[in-house]
Each structure stands twice: as C-alpha cells, then as structure tokens.
Amino acid sequence: MKIIILGAPGAGKGTVAKLLCDFDGSIQISTGDILRAAVRAETELGKKAKGYMDRGDLVPDSLIMDIMEARLQEPDCDKGFILDGFPRTINQAEGLKELIKKLNINLDFVVNLEVPRDVILDRLTTRRTCSNPECQEIYNIKSKPPTADGKCEKCGSPVIQRDDETEEAITYRLETYNEKTAPLIGFYESEGSLKNFASVDSKETVEAIKKEL
Ligand code: ADP
Ligand code: ZN
C-alpha cells in the first residue's frame, strides 16, 4: 500500500502505521523518527532541527522536503510505504504532490485519524517511550505500563517521557497542529483522496483501513 496517515499528535498514527506494515510488509516512513535519529547522531540536519523540535515547533519545510525527496527514492519504498508525520503543512503537501509526480508514484489514499480532543490530551500526557534508540517501544502509564522499576519490557532500557511530551510542549504541539496541519484535511478532501477513520481502538481502525485497500 502507498498511503499517508494524518492525525493530531496522539491520534495513533505511529501505532496504526506499525500494524499496517505488519500486515503487508510496507515500510513506515516517519519524519519524526528520521529527525530524532539525526538529533541523536548530531548530524548537520539534527543540529538544525533540534531547537524547533524541543519547542514543539515544526522544522522548516525545505529541510523536510530534502529528507523526503531522498527517502522516497530508496529501493525499499517499492514494497509500499506509509507516510507518518509528513506532510505537515499545505506547503509540504504541495511539494509532495510534485515529488510523487516526478518519481511516478501513485498514492492509494489519505487516511485521516479522528480522535476527540480529551482522548488526545490524556494519551499524550500518559505516554512514555523506551530510551533505547534501537527500540523506542511506546508505553502508557495507564494502559500499557513499563516494568515496576520503569524499564522497557522488550529491551530493559529505562522508559522516559520525551522532551516534547511535557504538558506545555503538548499544548503548543496541538496548537501548531490546528493551525498548520489540520488544513491538510480540506486539501486532500478537495483532491478526492481523503478517507476518515475513528481512531479510538487501533486494531479496529486498522481493520477498517484494510477494508478500503
Ligand atoms: P508527533 O507525536 O507530534 O506526531 P513526530 O514524532 O511526528 O511527533 O514529530 C516530532 C517533531 O518532529 C515535531 O514536533 C516537529 O518538530 C518535527 N517534525 C516531524 N515531522 C515533521 C514535518 N513533516 N514537518 C515539520 N516538522 C516535523
Ligand atoms: Zn526498549
């Protein structure tokens, strides 16, 4: 499959994308993961992106378009891909439209994950992440806690709260989403490629998406 997943922070984009990849071997392309890896490795890209990310601001479109232009030409994209966290602005969506035309890629459709705001806030403030870069398993202090001493079930590394998942950063990320990313819903709707899915239970959401493939 070749799809885009849209949704507010905490809508479950990453979880849904992983389940869909398990289903048909498509790869998940997460600009957030690519950027966090660059920050950890202290590459030029990482140095440019870090300040924006820690504040909960979007990284400039030009950086993101360069990343994606290179990424979409990697051979593993032939297996199918799920874009998670990209595009995030109308500008990026227009850039992507040009890019896929140039690379001769056909997208199946755009998935919009719909979640009530209170559910989103609750999910984000209770979310924790495995600190091991190779693992990054997602936990939730209510619904999927780590071990009693705060370690990852999979790899044993400490499970932490991401810098951009403090209450202040979360509020700011949601505002940024409403202002910059929510307009993409209208953009893809008018292109005729948008499909809406309720995203409260990830497994049910995935089943609903599979039916549309
Ligand atoms: P979220 O949980 O908010 O969906 P991500 O893991 O997708 O977070 O992204 C984390 C951060 O990386 C964002 O807050 C932003 O700073 C940056 N980022 C990721 N994808 C993009 C993008 N497409 N455009 C601009 N900034 C991005
Ligand atoms: Zn782990």
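Lysine 195 has a relative accessibility of 29% and so counts as partly exposed, where buried means under 20% relative accessible area, exposed over 50%, and partly exposed in between (1.4 Å probe, protein chains only). This is a predicted model, in which local features need pLDDT of at least 70 and side-chain atom pairs count only at pLDDT 80 or more, while totals for chains, interfaces and linings use all residues. Residues are numbered from 1 along each chain as its sequence is written, chains are lettered from A and ligands numbered from 1 in the order in which they are written, and side-chain values use heavy atoms, with hydrogens and water left out.

The partner of lysine 195 is glutamate 212, and the closest N and O atoms of this salt bridge are 3.2 Å apart; a salt bridge is taken as a side-chain nitrogen of Lys or Arg within 4 Å of a carboxyl oxygen of Asp or Glu. Because glutamate 212 lies in helix α9 (residues 202–212) and lysine 195 in strand β8 (residues 194–198), the pair ties together parts that are 17 residues apart in sequence. Helices (H or I, at least four residues) and strands (E, at least two) are DSSP runs, numbered from the N terminus. Glutamate 212 is itself partly exposed, at 40% relative accessible area.

A further salt bridge joins glutamate 191 to lysine 97, with 2.8 Å between the closest N and O atoms. Here the link is between distant parts of the chain, since glutamate 191 belongs to helix α8 (residues 183–191) and lysine 97 to helix α5 (residues 90–103), 94 residues apart. Glutamate 191 is partly exposed at 38% relative accessibility, and lysine 97 is partly exposed at 38%.

Within helix α3 (residues 44–55), aspartate 54 and lysine 50 sit four residues apart, about one turn of the helix. Their side chains meet in a salt bridge (2.5 Å, N to O). Arg127, Arg162, Asp164 and Glu165 are linked in a salt-bridge network, and the count of salt bridges comes to 17.

Cysteine 152 is buried, at 3% relative accessibility, whereas cysteine 155 is partly exposed, at 35%.
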